[in-house]
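Subject: Structure handover

Hello,

Please find the structure below. My notes on its side-chain contacts and cavities follow.

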Amino acid sequence: STSYTSGGIQNDAIVCSFNGNGTVNSGFGTNGQMSISNFEPKGISCRNQNKIIVFGNSDVNGVGSAAGKATLFCLDSTGNYVNTFGINGKLILDNTYSFITEIKITASGDIICMLYNATEKYLMKVLSNGTIDNTFGVNSKYILGTMPSNYLSFQLDIDNSNRIFFYQAKITFDSTRIKCLLPSGLIDLSFGVNGEIYLNLNNVYSPSVYKILGNKIFTIALNSTNTLARLKKYNLNGALDLTFGANGLKDINWNSSVGVSDIMTQPDGKILLGGTLINSSTSNSYFSLLRLKQNGDIDSTMGNFGYVSTSFAQNGDEVTSLLMQSNNKPLLAGYTKGSNTVGGLNEYFFSAARYNITTTTGIEDLSSSDNLVNIYPNPNKGTFNILQYKASKTEIEIFDILGELVYKTKTSNQKTIIDLGELTKGTYTLRATCDNINVTTKKIIIE
């Protein structure tokens, strides 16, 4: 998690680390925290070998505007700067007055960044060693548009082939599209029509979230009251998945106002949505986990009309993200507004809630058969071969004994070699998710 404090003349970021059970990771920084001076964070992400990327804006002039230059910081698992990244763990992407809004990290550790400055919006690629990829796009950039702009660009994502996806929409959201770039930063003309697909929201819906899950693209748009959600499911070539809902489209009415922040799938293919539920009579907001069947219907077997809610008994809860832990328990994270003010600013708390869920056996349940995914040699010093009984698009995740993600990669090969030599000796859990539906979990040992 990240937070920042205002001292009147500068902003300092605080990066916090927690164990999988919700306790503070005392081995990170000082008592689980480390600070970055003159910096306003926008977000945080992890890359392979447990490196941590914090992105935001450094206030290099020491003036409390916190809007200086788009910047990346790279930390290791103990909260120290990775000096081989950029200059002493810091990389300034744009030396003009600039902002960074989002990043995505590829399986090889390259970082795709979305930025804007006074004249343009653009994407850049940073290589895993902390240098800018000058071969990306044209002169190291893919230009999203000039400033000022009537178009918004947001929600980066990456598929198994490292293609780059993002929303682009008019400010009025009456013309929303998903665009696809090749890893080189050029338009992928094989996707949709000339590299893009239009969502056709017709001024009724506003895009909420989209995500690439396995070999499918899910999009969610909400109506003006957030009570009606329109889900679409696409294949990776940009064509609608006609097996979902009615010809790839499904309208869902929860009879409550729900802001959807993230989407995930269970091992059995059921769809989880993480969001914020708003009580129409009290205007109080709560953490909410919603579940759909594989065909898009509400799964009324979970909670109340397909959702469960959690209140932190403060003045308002807001969900920002959803993830699935190695034990197949979903975790919602976000913030809770406190009742006090500090220095004239509202008090906020980092909040997280973990849920127990039930799953059913999917079409192919890899968890029930040891010979569908094999890992060898096991144990060894860190180099493992992963062999699948058939080639499929697979996401491989490695978790430590506390349930923390320490390695992640994607593959479409029958045989994949992963190098975990930088991890400490011990027992880890490997989770392989094939085609976003079939999951196998196995223990591996690094000697």
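**Salt bridges**

A network of salt bridges links Asp 159, Arg 163 and Asp 188. A salt bridge here is a side-chain nitrogen of Lys or Arg within 4 Å of a carboxyl oxygen of Asp or Glu.

Before the rest, the conditions. This is a predicted model, so local features need pLDDT of at least 70 and side-chain atom pairs count only at pLDDT 80 or more, while totals for chains, interfaces and linings use all residues. Residues are numbered from 1 along each chain as its sequence is written, and side-chain values use heavy atoms, with hydrogens and water left out.

The structure holds 15 salt bridges. One of them joins Arg 163 to Asp 159, with the closest N and O atoms 2.8 Å apart. Arg 163 and Asp 159 are both buried; buried means under 20% relative accessible area, exposed over 50%, and partly exposed in between (1.4 Å probe, protein chains only).

Asp 299 takes part in two of the bridges I looked at. With Lys 270 the N to O distance is 3.0 Å. That pair links distant parts of the chain, 29 residues apart: Asp 299 is in the loop between strand 22 (285-292) and strand 23 (307-310), and Lys 270 is in the loop between strand 20 (257-265) and strand 21 (271-278). Strands (E, at least two residues) and helices (H or I, at least four) are DSSP runs, numbered from the N terminus. With Arg 291, the closest N and O atoms of the bridge to Asp 299 are 2.7 Å apart. Asp 299 is buried at 1% relative accessibility, Lys 270 is buried at 16%, and Arg 291 is buried at 2%.

**Aromatic rings**

A search of the whole structure gives 12 aromatic pairs. Rings of Phe, Tyr and Trp (its six-membered ring) pair if their centres lie within 6.5 Å; planes under 30 degrees apart count as stacked, over 60 as edge-to-face and the rest as tilted.

Phe 18 and Phe 350 form a stacked pair, 5.2 Å centre to centre with 15° between the planes. Phe 18 lies in the loop between strand 2 (11-16) and strand 3 (33-36) and Phe 350 in strand 26 (residues 345-354), so the pair ties together parts that are 332 residues apart in sequence. Phe 18 is partly exposed, at 29% relative accessible area, and Phe 350 is partly exposed at 44%.

Tyr 142 and Phe 166 form a tilted pair, 6.2 Å centre to centre with 55° between the planes. Tyr 142 belongs to strand 11 (residues 142-146) and Phe 166 to strand 13 (residues 164-170), 24 residues apart. Tyr 142 is buried at 14% relative accessible area, and Phe 166 is buried at 0%.

Ring pairs also link Phe 39, Phe 73 and Tyr 81 into a cluster.

**Cavities**

There are two cavities of 30 Å³ or more. A cavity is a set of points on a 1 Å grid over the protein atoms alone where a 1.4 Å probe fits but cannot get out, and lining residues have an atom within 4 Å of a point. Grid points are joined across faces, edges and corners, and a volume is the space filled by probe spheres set on the points.

The second largest cavity has a volume of about 30 Å³. Its lining includes Tyr 167, Leu 199 and Arg 230. The largest share of that lining, three residues, comes from strand 17.

Regards

Key:
1 Å grid on protein atoms, 1.4 Å probe; cavity = no way out; pocket = protein on both sides within 12 Å on 5 of 7 lines; lining within 4 Å.
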